[in-house]
Amino acid sequence: MNVVELKENSNPFSLGKSIVIIIALFIIAQSWNDTQMSFMSLIDGWQYMAEYIRGNPSIENSGFFPPNLNSEDLITYGLSMLETIQMAIVALVLSILVAVPLSYMSSRNILDILIPGKSPIQEFTKRVIYGSATFFANIFRSINEIIWALIFVSAVGLGPMAGILALGVHTAGVLSKLLSEGNESIDPGPVEALTTTGAGFIKVLVYAVIPQTMPHFVSMCLYRFESDVRSAAILGFVGAGGIGFYLFDKMRAFENGDVCTIIIIIVLTVWGLDKFSAIIRKRFI
């Protein structure tokens, strides 16, 4: 690359880049205006937020502070938080069982290993597999966990199982997308080297693909586990178990001291899981 080409490629104010910047700024400005976003509204309404947090002095436990520190309630909320974590664990396992095969079927380079060749039948088969896998993955992740929870509650009733299934389906779609991107970014060298020796799909997958994708796989699974814990804490709003049931119940009853306690438990749990995930990432990535 000569000096002229280098200057053109590094110029942030080239015609093409300027057009993209202008279009992006226009979209942001139009979105800001259409959604009636205004920091002044937040500033003007700040006092009402403060009053809500303080609560009504004449109504017991209507304020967020001090939080409810009753030992029996703390045990109840702690056990429900444990149930929330267990829901996220089971949901993650189920989602991995679905997402891994989907991620392979929605990765073009993996399909080329599974179905080598360029004949019309082979190309058609790969397009069908790829299209079907991406279609189902898009459906899984496009529908919010709460909607999935409502659907599963109607099937299996109230309780953690509905929440687990809702988290599992949604997370399977998200993980499928994330893992397929990791699959398609691997170095093709080891794959080609094994393929030329006549190695089958399983051997290529085990010795050339998985070793390269494992750090990405671990990182994405840990990220989704943390996300599932947060999401599981909300699914209780629709009767899908976990600490969200108590959070919704106390918010509805305006028992904000208990709401503050539950929020603190959720924050501390997510913080602890983040530290635990960091240790695992340091070990495997």
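V229 touches M81, T84, A88 and L273, leaving out residues up to four places away in sequence; contact here means heavy atoms within 4.5 Å. Before I go on, this is a predicted model, where local features need pLDDT of at least 70, side-chain atom pairs count only at pLDDT 80 or more, and totals for chains, interfaces and linings use all residues. Residues are numbered from 1 along each chain as its sequence is written, and side-chain values use heavy atoms, with hydrogens and water left out.

Back to V229. What are the residues with the most contacts inside the largest nonpolar core? They are M81, L175, F225, V229, I243, I262 and I266, in a core of 25 residues. Two or more residues each are given to this core by α5 (71–105), α9 (160–184), α11 (201–235) and α13 (256–284). The largest share, seven residues, comes from α13. There is also a second, separate core of 18 residues, which includes A133, F140, F152 and L235.

Some terms. A nonpolar core is a set of buried Ala, Val, Leu, Ile, Met, Phe, Trp, Tyr and Cys residues joined through side-chain atoms within 4.5 Å. Buried means under 20% relative accessible area, exposed over 50%, and partly exposed in between, with a 1.4 Å probe and protein chains only. By that rule, 34% of the 285 residues of the protein count as buried.

Now the fold. The protein has 13 helices and zero strands. Helices (H or I, at least four residues) and strands (E, at least two) are DSSP runs, numbered from the N terminus. Among contacts between residues at least 6 apart in sequence, 70% join residues at least 24 apart.

Next, the overall dimensions. The C-alpha atoms fill a box of roughly 80 × 50 × 40 Å, taken along the principal axes. The radius of gyration is 25 Å, whereas a compact globule of 285 residues would have one near 19 Å. That radius is taken over C-alpha atoms, and the globule rule is 2.2 Å times the number of residues to the power 0.38.

T35 is found between α2 (15–34) and α3 (39–44). Is T35 buried or exposed? T35 counts as exposed because its relative accessible area is 58%. A polar atom of the T35 side chain lies 3.4 Å from the backbone oxygen of W32. From T35 to P160 there are 125 residues in sequence and 36 Å in space, C-alpha to C-alpha.

How values were computed:
A polar contact is a pair of N or O atoms within 3.5 Å; within protein, one must be able to donate a hydrogen and the other to accept it, and residues adjacent in sequence count only if both atoms are side-chain atoms.
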